[in-house]
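Good morning, colleagues. I shall speak briefly about the structure on the screen, taking the ligand shell, the contact between chains and the annotated segments in turn.

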Amino acid sequence: MYNKIFDRKVDDIGLQTGIDRLTPEKIEKTVNEVFSGETGAKLKVYHDTCVRCGLCASACHYYVSHDNDPSYSPAGKVTQTISILLDKKGKVGPDFIYQCAQIAYTECNLCRRCVHYCPLGIDTGYMMSVVRRICHKLGVTPQYLQDTAHSHSATMNQMWVKDDEWTDSLLWQEEEARDEFPDMRIPLDKDGADVYYSVIGPEPKFRTHLIYQAGAILHEAGVNWTMPSMPGWDNSDMAMYSGDFEMMGRLKRIHFESAQKLHSKKIVMGECGHAFRSVYDQGNRWLGWKDYPVEVVHSIEFFAHLLKTGKIKMAEKFPGPVTIHDPCNVIRGRGLMNELRYVVSEICESYIEMQPNAEHNFCCAAGGGVINCGPPFKNVRMDGNRAKADQLRAAAEQGVKTVIAPCHNCHGGLEDIIEHYELGLDLKFLGDIIYANMVKTKAVEE
Amino acid sequence: MYNSIYDVVTGPLAWFGWAVFILGSLYRMASLYSEAKKKDVSSLAYVKASYGFNSIMHWITPFATLGWKSNPAMTVATFAFHICLLAVPVFLGAHIDLWYQWFGVSWVALPDTVADTMTVLVILAAAFFAYRRIAVKEVAFLTTWKDWMTLIIAVAPFLTGFLAYHQILNYQFMIVLHVITGVAWLVFIPFGRLSHAILGWYSRVYIGSEFQGVRHCNDW
Ligand code: SF4
Ligand code: SF4
Ligand code: SF4
């Protein structure tokens, strides 16, 4: 009744050259290797018990944003990809693998909102990551995403930052900061520090001011902290999203080991969602750690702690009202919604909630590595997240001028949405506001 | 002739149905559990009874979850369907005799008019599901012959039971058909989509544990 032939193919050189190298035999062998060697009862139960009721459809921003097009519904994506791989036992052609890759890498953010809609507790995000895993093993990955994964394996960071460039960026930011805070240091490789501060690759590459800001906040709060001079500093993980789990494991191991070598008490992560997921949810499990070997604290929790204990005081509150974007990976992924609201209420005059919010929030459509699939798929994100634009517009109509999004990916994603839908909103990290408006007892008098 | 056919379907055939249902269900549950222990350790490690219990309690309460709230018509139909679907076979007066005959146990029966109304509810809910499979595009997109088969197997004993009880069409033929479809109902529970009756608890308990325990957030 409905046309299931893929009619929205996006050209991507990574996917195309990937499938050009495939043969039906190779596909069949690889698919079955994953099914027999890597997946188990979890996939079977999810797949067998789905009663095809369609209740999950309205969970997904892609479905909602495409005027309820069923091919974007969570179960719809399953029936167009892994169901067929399972039913046909991998006997499919290269074009079908292109379709699987496009759906799994770019039309699902692995945000797990659909879990809140499924009576049987089926996790479509998990099934989409299995599809990604298969595509990765077949060498069919979007070019831009693969580039970040290559960078991870060559440099242990996401952005091809060389070792000397890393320390240079830190020293540069320290030097800049000293004009404002004469005693401030970014202490490298300090042994036994209370806080090991880790960031994602894009910070030293494009957003160095975030390192400055974090340094200023940690300095002002009098925290005993450090950053590593050697690889391990990047907590991000695009390999997790490309399906390269071996690499994901190496990344998490070096991250934790670098903190362990410095005998750090805990790791504090910058405002990033996916990196946090990789640390507490996926990377640790791949390595066989039930929890993490060194405690990891997300910036939201850390800021909440600094504000609660009075280590940071606000000189003035940011003029409101603002609204809060709940990043899936730290909210639906880690339940930090109350901490986030606490921090926002401490640093801003007032906030207005978007609807739905907290653990029911719509994803930004950048997550799950989708924004990292680069320019070819930008419109997939724009057209696929009108739902978010509508939410933001509703907030703007109530007088909101600023959106707070404590996640790097969300920032990228929301920035594009705000521009594309001409919403005229401003975006901020928590750290932006805290740094700008905190009491600076250690700064030079102006 | 009728009597001997009736004896066969309620005797050996029924026993066959029970055997497949019980052994098949045990086999599927046990084999999946042992497979999970071997291959899904990194998921199984987080399973905790109290989280699973919370999750189940929320999802068996109408309108207690985001999913149910977002789909009111489906919520009403799903609950009516499943409650009646379980209650009627167990508590129907005419079945109480069979329970005694098969297992030597007995309990109070539902008044026939109540059971009859509940049967109609099952049929109406099934008609609603069928309507969705055809007319609601996100459901139509997912629907294959397997889903139709599932629906037909699930509702057939109720339809035939209803027709037999009201003596519409040939009673004797209907009652035999009723028992046969009832046996089919049992036989298919361990397999295919109907297995959600026994396996849905696994995914529910797991995702409940995963959300509440690891993600510190509700799964409803
Ligand atoms: S809500 Fe659950 S059972 Fe229903 S179609 Fe979606 S995944 Fe399948
Ligand atoms: S994008 Fe989110 S809601 Fe949509 S299918 Fe993927 S995990 Fe589910
Ligand atoms: S980018 Fe942000 S909203 Fe989107 S998946 Fe990541 S955490 Fe979720």
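Predicted model: local features only at pLDDT ≥ 70, side-chain atom pairs only at ≥ 80, totals over all residues.

**Ligand shell, interface and annotated segments**

Let me turn to the contact between the two chains. How many residues of each chain take part? On the chain B side, 48 residues are in contact with 58 residues of chain A. Together the two chains bury about 4,500 Å², and 57% of that area lies on carbon and sulfur atoms. Within chain B, the residues that lose the most area to chain A are B:F141, B:L142 and B:R215, which together account for 18% of what that side buries.

Which helices of chain B supply at least two residues each to the side that touches chain A? They are α1 (2–39), α2 (41–44), α4 (66–70), α7 (112–135), α8 (137–142), α9 (145–165) and α11 (196–214). The largest share, 11 residues, comes from α11(B). By class, that side of chain B divides into 21 nonpolar, 12 polar and 15 charged residues.

Over all chains, the count comes to 27 salt bridges. In general terms, side chains of opposite charge can pair when their charged atoms come close. One of the salt bridges joins A:D67 and A:R386, at 3.0 Å from N to O. This pair links distant parts of the chain, 319 residues apart: A:D67 lies in the loop between α4 (61–65) and α5 (74–80) of chain A, and A:R386 in helix α19 (residues 386–397) of chain A.

Finally, the annotated segments. An unreviewed UniProt entry lists residues 12–30, 76–98, 118–136, 148–165 and 171–191 of chain B as "transmembrane region". In the model, residues 12–30 of chain B are 100% helix and 0% strand, with the end C-alpha atoms 26 Å apart. Residues 171–191 of chain B are 86% helix and 0% strand, and there the end C-alpha atoms are 31 Å apart.

How values were computed: Residues numbered from 1 in each chain as written. Chains lettered and ligands numbered in written order. Heavy atoms only, no water. UniProt positions renumbered as here; feature names shortened; annotations may be inferred. Helix = DSSP H or I, 4+ residues; strand = E, 2+ residues; numbered from the N terminus. Contact = heavy atoms within 4.5 Å. Buried area = accessible area lost by both parts, 1.4 Å probe. Nonpolar A, V, L, I, M, F, W, Y, C, P; charged D, E, K, R; others polar. Salt bridge = Lys/Arg side-chain N within 4 Å of Asp/Glu carboxyl O.
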